[in-house]
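Please open the model in your viewer and keep the selection tool at hand. The stops below say what to select next and what is to be found there.

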Amino acid sequence: MELNQNLMGEQLKFNARERCKQFGLLNERRGDWDPNLTEEEIVERVEKILQDDMQAGNQSAIFQLAQYYFEQKRYDKALHYFEMLTNRNDWQAAFQLAVMLYDGLGIEPNMELGFELMHKVATTKCSQAKHLVHAAQFNVGRAYYQGFGVKRSESEAERFWLLAADDGNPKASVKAQSTLGLFYSCSEHLDLKKAFYWHTEATGNGSLESQGALGVMYLGGLGVKQDEESAAICFREAANSGNVYAAGHLVGYYYRHKLYTKAVALAAKMCELTDVEKISLETDCLVQYINKGISMASFYYARCLALGRGVQKDEEEAKKYYSLSYKFDAGVCARLQSEAQRGAI
């Protein structure tokens, strides 16, 4: 698994229900909390509560309202409050405003200004911004790697990602830890021992992307002694948590070990996946590898249909899934086709 330019930034998370409870804006005493409320009713209630608290002078409610609008993709309202708070030296607002400017969320992109704001957050020593610094450092590294808003520099990208990763600290940027694993897998910076180290750290801190990558490294003996069983464990655990790339490899593992019924059952489910962008947002896995996972599953499913392995033989149906494999990733499809022609699968 290697890094490419399509790297998503790191954003702050906000759950309307939980964050309002955390800030004491939603509680039983006030009569606001009802576990039977629908999500739509919660959204309306949260907006009203935050607006009331903001008007009553609760400064923290201003940011919560802005962040609420951001999560609801009501970017024009979010922008208004983030700009207001940034002018008041609110670091959280500056972070989110930088994200909006850099990614062009609801406004025309201004990557230079977005980078400038994010760099300020990433390099500040202010204690009030401590919880933002690692995420900001990751985003600055991303900007240097992509060369958007600043002159491209892979050495500066690496430097900021190492700062963000903070030696594997679970409270640092796990995304940076996983990204370093991909970075050191690239031919220009190839160091498989470092790649294995960072994927191991990120996996221990909850990265699904890295857990799947570890499976690939164990499977191929990349930066670690080859161990197919450890690879299978990584693939299975990551797949169970939603890593589609790992699930595709797990289908291959089942197929190679002649567990055709299991291969067919998992592959058939994966062939129904269509909304790759949504999966990427939910799992924080790269779109390109989700596509590769579906491509693998589709090819193995087609192979099983063509040969009647674990499923009734149906060569016409098999053609449909060969095409699906090609659609999701032509390179993966070609590689597996070559293996099939050699009799390897």
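This is a predicted model: local features need pLDDT of at least 70, side-chain atom pairs count only at pLDDT 80 or more; totals for chains, interfaces and linings use all residues.

Residues are numbered from 1 along each chain as its sequence is written, and side-chain values use heavy atoms, with hydrogens and water left out.

Next, colour the chain by accessibility. Of the 345 residues in the protein, 50% are buried; here buried means under 20% relative accessible area, exposed means over 50%, and partly exposed lies in between, with a 1.4 Å probe and protein chains only. The protein exposes about 17100 Å², of which carbon and sulfur atoms supply 48%, with areas from the Shrake-Rupley method and a 1.4 Å probe, and for residues only the protein chains shown count as cover. Among contacts (heavy atoms within 4.5 Å) between residues at least 6 apart in sequence, 52% join residues at least 24 apart.

**The aromatic residues**

Now show the side chains of Phe, Tyr and Trp. The structure holds 20 aromatic pairs; rings of these residues (for Trp, the six-membered ring) pair if their centres lie within 6.5 Å, and planes under 30 degrees apart count as stacked, over 60 as edge-to-face and the rest as tilted. Select Tyr144 and Phe160, whose ring centres are 5.9 Å apart and whose planes lie at 25 degrees, so the pair is stacked. This pair links distant parts of the chain, with Tyr144 in helix H7 and Phe160 in helix H8, 16 residues apart. Tyr144 is buried at a relative accessible area of 12%, and Phe160 is buried as well, at 3%. Then move to Tyr255 and Tyr260, an edge-to-face aromatic pair with 5.3 Å from centre to centre and 70 degrees between the planes; both Tyr255 and Tyr260 are buried.

A further selection, Phe138, Tyr145, Trp161, Phe183 and Tyr184, picks out one aromatic cluster. Stay with Tyr184, which is found in the loop between H9 and helix H10 (192-204) and is buried, with a relative accessible area of 4%. Leaving aside its neighbours within four places in sequence, Tyr184 is in contact with several residues, including Glu158, Leu162, His189 and Trp198. Tyr184 and Trp198 are 14 residues apart in sequence, and their C-alpha atoms are 8.9 Å apart in space.

**Three loop residues**

Which residues does Asp166 contact, if its neighbours within four places in sequence are left aside? Select Asp166 in the loop between helix H8 (154-165) and helix H9 (174-183), and the contacts to show are those with His134 and Ala172. Asp166 is partly exposed at 31% relative accessibility, and its C-alpha atom is separated by 9.0 Å from that of Ala176, ten residues away along the chain.

Lys73, in the loop between helix H3 (59-71) and helix H4 (75-86), has a positive phi of about 60 degrees although it is not a glycine, and Lys73 is exposed, with a relative accessible area of 59%. Asp284 also has a positive phi of about 60 degrees without being a glycine; Asp284 is found in the loop between helix H15 (276-283) and H16 and is partly exposed, at 43%.

**Cavities and a pocket**

On a 1 Å grid over the protein atoms alone, a cavity is a set of points where a 1.4 Å probe fits but cannot get out, a pocket is an open set with protein on both sides within 12 Å along at least five of seven lines, and lining residues have an atom within 4 Å of a point. Grid points are joined across faces, edges and corners, and a volume is the space filled by probe spheres set on the points.

The structure holds two cavities of 30 Å³ or more, and about 120 Å³ of space lies in the largest cavity. To find the largest cavity, select Val99, Tyr102, Met118, Asn139 and Arg142, which lie nearest its centre among the 14 lining residues. The second largest pocket has a volume of about 270 Å³, and His249, Met296, Arg335, Leu336 and Glu339 are the closest to its centre of the 16 residues that line it.

Technical notes:
Helices (H or I, at least four residues) and strands (E, at least two) are DSSP runs, numbered from the N terminus.
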